[in-house]
Each structure stands twice: as C-alpha cells, then as structure tokens.
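These are my notebook entries on the structure shown below. I looked up the overall build and then the aromatic rings.

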There are 2 protein chains.
Amino acid sequence: MNHFQPATADMAFVLQSVLQAPQQLQALPAHAEADTDLMQQVLEESGKFVAEVVAPLNRDGDEIGAQFRDGAVTMPPGFRDAYQAFWQAGWPALACATEDGGQGLPTVLEAMLYEMLSAANHGWTMAPGLLHGAYECIKHHASDELKARYLEKVATGEWLATMCLTEPHAGSDLGLCRTKAVPLPDGRYALSGTKIFISGGEHDLSDNIVHLVLARLPDAPPGPKGLSLFLVPKFYEDGTRSAAVCERIEEKMGLHGSPTCVMRFDEAPGWIVGEPGKGLNAMFVMMNAARLHVGLQGIGLLEAAWQKADAYSKERRQMRAPGGSAKAGEADLIEQHPAMRRILDAQRAWIDAGRVVAYRTALELDILKHHGDATRREVASRWCALVTPVLKAAWTDQAFHGASACLQVFGGHGFVREWGIEQIVRDSRVAMIYEGTNEIQAIDLLLRKTLPDGGAALLTLLGELSADLGGDEQAVRAKSQLDGFASFLRERLLPRATTKDAPADLPHWLADDFLRAVALLLMAWAWARIGATPGAGTARWQTAQTGFWRWVWPEFGMRVAMMETTLAG
Amino acid sequence: MNHFQPATADMAFVLQSVLQAPQQLQALPAHAEADTDLMQQVLEESGKFVAEVVAPLNRDGDEIGAQFRDGAVTMPPGFRDAYQAFWQAGWPALACATEDGGQGLPTVLEAMLYEMLSAANHGWTMAPGLLHGAYECIKHHASDELKARYLEKVATGEWLATMCLTEPHAGSDLGLCRTKAVPLPDGRYALSGTKIFISGGEHDLSDNIVHLVLARLPDAPPGPKGLSLFLVPKFYEDGTRSAAVCERIEEKMGLHGSPTCVMRFDEAPGWIVGEPGKGLNAMFVMMNAARLHVGLQGIGLLEAAWQKADAYSKERRQMRAPGGSAKAGEADLIEQHPAMRRILDAQRAWIDAGRVVAYRTALELDILKHHGDATRREVASRWCALVTPVLKAAWTDQAFHGASACLQVFGGHGFVREWGIEQIVRDSRVAMIYEGTNEIQAIDLLLRKTLPDGGAALLTLLGELSADLGGDEQAVRAKSQLDGFASFLRERLLPRATTKDAPADLPHWLADDFLRAVALLLMAWAWARIGATPGAGTARWQTAQTGFWRWVWPEFGMRVAMMETTLAG
C-alpha cells in the first residue's frame, strides 16, 4: 500500500493560477511578502513534511489506534514524535500573529497544509486541527493574564487544545448544557460536569492540554444565553494535575488514531474566557474555523481516495473494455472501463472545484482580517458566512460517498483492509456529523443566512459569481445557471417560503436540496474559472471538467425539481 | 442495543395482499397447499427462529469475528449451535424437492427467510446463503453417483457448500481462471490452484464442506469455454481430509462473522459436475440464485438500519423542530425534524417497494419451475432475467447508502460502535461488489439483455407493468412514466446505441443510469400496486408512498437527463 502523496502541483495551480492568490494577498499590507515564490516554498515544505513524517503513520493509526488505560491515552506508534517535530518546526503557528510567536503567513497556506494533513492521516490531524481556533478564541476573548499564560503555548502548538461542548444529553443543542462553573475565592471557577465526543481530550502528543469548556454559572439563565466559556488545563503551572479526567474513549467506526474522549470535570478550577453568558460567542470563532477545516478534510480525504483508486486502475487489469487495447485472452486496465472512468473523473471534478472554493474561502478570511476597505471586507464576510456551511456539508458528504465509489474501483479487494481504501470510507464518515451535522449546515444556510434578509446576501453572492465569469462557452453556461437560480430564489422560493401563511416547516423541508444546489453552482463557477485559466487545456483538467458537467452537474436539476415539489406541496 | 425484529406483518402484507401470492401459487399443482394459512405459519416460524436464535449473535459476529489459526477457522460464539439448530429444524431444505429431503415449499418463502436472516446477522447468513444454489447445481448437473453422495446432504444443509470461482489475478473475469484439473485413473480429477474471496471456505459450522470449483482440464481451450466445474469436499466419505486448504482469511471492512478464505487446492481429488467445458453453465444457476439473495440482503440490511434509526428517533430528543411539541427549554424527538423524517421515509419507500419487486421475482421463479403453460413461463423467465440484476444492484446500493443515512439520524452516536448502526454500513458495503459488481449488473441489463434483442424483452416487460396498473391517480402517474420510458427507449436510446456507427463504448457509458432508471420504474409500479391494495390507506403506508414520490422518484429525471447527454455526446 502506498502512502498519500500531496498533490502540490495541482494545489499550486488552483492557488496561484486560478485564484491568483499572490496578487490578492500582496494588496494587503499584512501580506506584502506573500509572493508566488514564498507561497510555493511554504506549500512544498508542507508537502514534504506531510509525506515524510505524517503519512507513513496512518495505517498504524487505524490498526493500533489510540489506547486507553487508567485515565491515560497512549497514541499510536510515532504519533508523539511526529507531533513534536510538527510544532517545533513551527507548522501550527504558520498563520498566527508574529507577536504571539507565529509566522504571520496567510490563512490560505494553513488551509492547504491541513488539507494535506487530513488526506495523509485524518486521525493524527484531529489534534492540531483545533489549535488555530483555540488560538483565535483565547486571543480575542481571554484576559491579558490568561493570554500571558496560554496564548503563545497554543499559538505555537507546544500545548494542544480541545473544544468541550457536547454533553451526553445535549448533542447539536448546546443550549441544554448542564456543566456547572462555581466561582472560587481566587477569581477562578470550579467546573463540574461530563463532556462527550471530545477529540484529543487526553493523549501523549503534547506535554499539556488546554480545554475550552462551555459551562453555566450558578445564576445563569437557561438556554444558550446562560453559557460561559472557561479554560481548564490538564496541568497547572505548578505541575499539579487538574481534575479534568478522561473516563474512557469511544470505540468507533473509524478515525481510530484520534481518541474521542468522555471528559469528567470534578470541581476542576479554571478561568473564564470572555464575559459571562457570552460563551457561545467566544466559541463561535473556533466553530467557524473548524467548519472550514472540516470542509478541507473532505477535500483531502477524497484526494487520498482518488489517488489510491487511480493508481490501482492504472496497474490492475480486469475484463475487456470497449475499445480497449488488450490482446486476445488478456484483460484491459481498470481505468479503461467506462463505469470506472466515470467514478474517477467525477471525484476529480469534486476535488478540483472544492479546492477553488475552499482556498477562495481562506483567502476571503485573510481579506476580512486585513483589507483596508470596509466594502471589500463586507464582500469577504458575505462569502465566508454563505460558503462555509456549503463547503462543510457538500464536501464531507462527497468525501464519504466518493471514497466509497473509489472503493468500488478495487472490486473485492476494496473491502479488504490491506489496500487502505476502506479506512478512508470509515474515517471520512464522521465528518458528515461533527462540527454541526450536514443537515444543520443546510439549516444554517437557508434559515439563518438566506431567509432572514429576504435572500439579499445570497442573491448578491450569486450576482458576484456570475459577474466574475467571462464569455467563453463554459462561463456562459455557468452564468446562465447562476442567474437562473437567482430567479428561482427571487421568484419562486422566497415569495412562498417567507409569506406568513407558509407552513412553519417548509424551509426545513427545502434546506438540504437548497444547500446541494448552491454547492453545485459554486462548482459550476469554479469549473468556469478553471476553464478560463491558462494551462487548463491539458487532458488532466479537461477530463475533470467534462466529468463535472456530465456526471456531477445533472444533480442540480433534480434538486431544483425536488424544491419545486416541496414548494408546490 | 436492540436486536433486529423481523417485520413479519409488513412482509405478509406485501406477500399476501399486494402480490396475492397464495392465489398465484395455488394455481401451480406443485404448490396446491400453499394457502394463506400455510404461508403465514412458515413466515411467523421463520421470524421466530431468526429473532430468537440468529439475531442475538450479530454483535459478537462483528466484534469477535471468525478466527483463523493453523488452517482452521473458529466461528464466533454461538454460530455453530445456531447453524446446527437451523439445519436440523429443516430451514435450508424449505424449498428443496421432497424427494431430495426437502419440504417442497415455494421459493418465495425461502427468499423471505433469507431476507430476515441477512437483516439479523449478515455474517452468519453468508454460509447457508449459498446452499440452495449449490443444491440446484448438483441436482441439475452432477452424475447420479455424485448426487447419491452429496445431494441430500446439501439439500438439508447438513453439509455447507462454497462457490470457488475467483482467483488472485481473475476477479470479475472468470475466463482467466488457471486452476487445473488433471484426470486421475479412478475417474476423478486432481485439482490444483488458488481461489480467493471464498465465503465460508473453512469453518466449524457443519461437519463437512462441499466446494464447487471452477477449473481447467489439461486440453481445455483458453477463456470461459475452457472451464469445467468440479466438486471437492473437505472430507471424503472415509473420513480423510482433502487437500483443499484454507491458507488465510481476509481482514475486512466488515462482515467479520463470515470468513473470507484464500483456498489452496494441492492436487485435491474431486469429481466433475456436468460436462467438460460447461462449468460456467453449471455454475450459472448458482449465480442467478445468489443474485436474488444478494438483492434480498440489501432489503434486509436496509430494514435493519431503518429499525435502529426509527427506534432512536422516537426515543431521543434533540433541538426544537418546526411545529414540534416540546415545552420551552426542552427538545423535540428526532423523528419530528424534517431532515430526519426525510431519511426515514425514503428508506421505507425503498424497503417496501424492494419487497414487492423481490418477492415477485421469487414468485416468478416458482412459476418458471412449475407452471404448465409455456407462455406464462416465458413471462416469468423474462421477468427474472431483467429484474434480477436491477434488484441486486439498486437495492445493495441503497442498503449501503441508506444505512449511512440512518447512521446520520444518530448524530455522533452513529459513529460509535455501541449502537450497532455503523456495523450495518460496514457489512452492507460488500454486497455492492460480490456476485458481480453493481456495474457488471448494469452491463448485464443493458448490453446482454436489452440491446441484443433490440429492446424487445424489456419493452414487453414495461408494457406488462403498465398494463398491470389500474386507474387511480398513482397508477396513472406510474403508467405514464413506464410508457414514457418505453418511448425513450424505442425512439432515443435504441436507434442511437444500436446503429453501426455508434461508438463501441456508448452503451457502457449509459449502463449505470439505465439500470437506475429501470429500478425507479419498478418502484413506481410497486408503489402503485401497494397503493391499490386494501389496507394501504394507513399512515404507515401513506407516509412511505409520499416518501417515494417526493424523495426517491426525482432521481429518475436526472438519470434520463444523463442518458440524453451521453446519447447527444
């Protein structure tokens, strides 16, 4: 079984040629040095680290997994060494501010790093994957005293972090959290409660772990507005162990390299982060960053699955293919069979378009942070708000379903563990659930971000996407679909779904189809952008582009038809 | 975690009310006694055995699995006892001829038994699942001497059987098989070669195992016409062990309760079954029966997944649902959330329609075997030839994807092993591959069974389905779709795909969409039939029917659109 190899040339093509990231970033004073050379160098160094250090550990991560014993978690072989090398080389701090010990590089480079890491070793990547969100959360919400103690450790990744949200009775609905925080005389709070599904709640990767915990003060109102955020470390500065204890780790379908912990807090002293009752606010920055990362996981895992299937299809012969080149009595390569070509090309269409959408999202985050012009920041903010849930839901969905399709390329061998493709199917499944299930992303897009402003933001975005395209055949096709959907939204969906006599559940029935339709439109835009890029005329890009319009795009009509039925019903 | 409970009432409704099986079967002299009471009694007894004996072993089958050591395979706890009870109670012989030690009951009852068994414990069911095919193969192709030795043992299931087809270098393409059979002076043949993916190649369920092995005589021509079929037992009658040896078992994604063996034959003496060079013919009867069984596995596994998700959705509360009934500060049941209802209802639509199609197929097999009228037998033969690949491919596809959707209903808990839903996702994946991958089923339907006769058989079937429906609203809708697709086939697909200048690969690009479209048409017919059945007006059936037209059917338009694009390209 071959390890994952970062596709740095493909990634660079999207970043530098399709999105012209250097030009966009260098317009920001904060990233004046982010020229093509620098970005290329960081990308290649990232790829080298991922391929040499992280990818080879993936199989043991699955087969041996994280082991729990007496409250301690031993990570799979090599995991700790790889993590120590990772943070010491400065990778977690890539996009952190220089004053916090970071390198101050653009978010988009960090995004690409995490895409590769997830592809190479999803389980290992879960732990550092939360770091940047925790860093932003502490930076923007913690007191100066707390920052002095924790910010640089988290920025550099010397200490890893967790998000302790979910409780046994409260999954997606954080407002039901019961964990208590009782004020202590020294200004700290004693936290008591049980949190579940805590990725990296306990492990031996780093010397300390910083838990960010949602809890309720004694006088807090019920519901989400009663939640505050607290920081409880595994070890205090004097070396004593806190009463944040891992009770057990879950036996899961996959992702065995990441310990999913049940954490018990027994009057564990910690500090408040931000204001009382503003816990969800403070955590929001972490959750948004996490959703982009999960979308990138989807892209990475799909690339990993495609690589395996593509290599197998080029090496293994099976049956005669129509128009195949095999001699009599021999078989053709699997890649020559139309049903298998279709699978491979459709996944490439998803991966390539996914990169355009995801890297653009990361660029918009950089623009949002550093651009001098408020109007431009508003554009960036709109993009991130609307596109992030689509990216998270549609690309994690495709990671699982596409990995399963890639498994099919192996025939019976795909079901056998030795080829490693079934691990990707198992590992990727959870990304459709965590950081807000894909159904919750759909509700976020339609009910929270489209209906309340009468579709204004989404219609603006659709218009921007359409205006962004040129006059070639593919661009014209994508434009007409973008404009057509804007009309559907304006004339059909909004009038029906926002009238007072519309059934309360109508938007909920529409939400999943709506998100899928928007995802396909983003892909149409992305493929038109790729198609207009010099260098995209090669077979490699043309095949994937044809794959998009032929095997992926037709779902759009089905989704609109389903929405029409729902609206008519 | 609850064990699977056979849905005998739902199954009986389809069998007795929708398909009116007793009336159809009693018209056959061989099944004159198959009245409603008898069928109901067998169904209920089957369900009882499945629920009490087989279902409780499913979890250990996954967690402990089949264990290989020094050439022997130890099955998971309870598996052997359950199997001994199974054959001694006469279950494998249900549909075998009375003169062979069977009960001579209709095939459809056997089909329903295996649907329940697969739902309850897919791994355990793999071993007996091959028995009936092996029985038919020996009965119709073996010499009288061989039958005297093996037929009754296989009919009753006292000895289990295998199909040894695949070799390391030859998966779907059996013509490449290299296993050799060299004549011995005593009239037997010495078999040498390696076979892979042999389900139940070695185990401790039964006291002997009968291997049916494809191999090549010394003077055989290359390709499929050089293959003959041989019988090699694990133990000969004098108690000596044959040289059919299990080298190892595969580590798999799932189905751990079924040992997937690499079998080595070291000049193992065996007998020829049927004529030299007619091995594929003799095996064909096994493969056809196996495809129906795999389709039933799909239906059963989907039912099992639905049961788990349905129960969870009725017991667990999460967030507020639109129009939900929860009090302030509380949450609604998961089943009240539209996105979850959609998942549950769509799976019910697939399961119920799947039963109509599968039981009808089994009935047609009974008719094919026993009907006195050649014209009626021709109708039955057409149905089985055309519908079996559709059933196999579409319902195993849905088992996996639908089980994954049901996992989503559990949120994060679905990814955790304790609820058992992730086991169904893992187990069901292989059914899309074995007994001919789903892509091969699609090629079978379009390239082997539709194009060669200019679509005649399929057009006749579509006409029969349409004529079978009445005049109510749903029937009219289904009829118009069936007739519309017949026109598409006659006027668009056939003229283009059968002209001499059509590209050789055109039908291959169409095949997958074509099979899906036919599957959806069969479902439309099935739902119209259910809708016209007295008793189907209850919420249970109405909800699933609405689920079909709303969430399943729209794929049809997408498939036709994809075929149109392919035809135009």
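Is B:Phe485 buried or exposed? I found that B:Phe485 is buried, with a relative accessible area of 1%; buried means under 20% relative accessible area, exposed over 50%, and partly exposed in between, with a 1.4 Å probe and protein chains only.

Source notes. I worked from a predicted model, in which local features need pLDDT of at least 70 and side-chain atom pairs count only at pLDDT 80 or more, while totals for chains, interfaces and linings use all residues. Residues are numbered from 1 along each chain as its sequence is written, chains are lettered from A and ligands numbered from 1 in the order in which they are written, and side-chain values use heavy atoms, with hydrogens and water left out.

Entry 1, chain A as a whole. I noted 19 helices and nine strands in chain A; helices (H or I, at least four residues) and strands (E, at least two) are DSSP runs, numbered from the N terminus. The radius of gyration of chain A is 24 Å, close to the 25 Å that the globule rule gives for 569 residues, so chain A is as compact as a globular protein of that length. This radius is taken over C-alpha atoms, and the rule is 2.2 Å times the number of residues to the power 0.38. Along its principal axes, the C-alpha trace of chain A spans about 80 × 60 × 50 Å. Of the 569 residues in chain A, 64% count as buried.

I recorded 49 aromatic pairs over all chains. Rings of Phe, Tyr and Trp (its six-membered ring) pair if their centres lie within 6.5 Å; planes under 30 degrees apart count as stacked, over 60 as edge-to-face and the rest as tilted.

I then examined B:Trp350 and B:Trp395: their ring centres are 5.2 Å apart and their planes stand at 75°, so the pair is edge-to-face. This pair links distant parts of the chain, 45 residues apart, with B:Trp350 in helix H11 (residues 338-370) and B:Trp395 in helix H12 (residues 374-409) of chain B. Both B:Trp350 and B:Trp395 are buried.

B:Phe488 is buried, with a relative accessible area of 7%.
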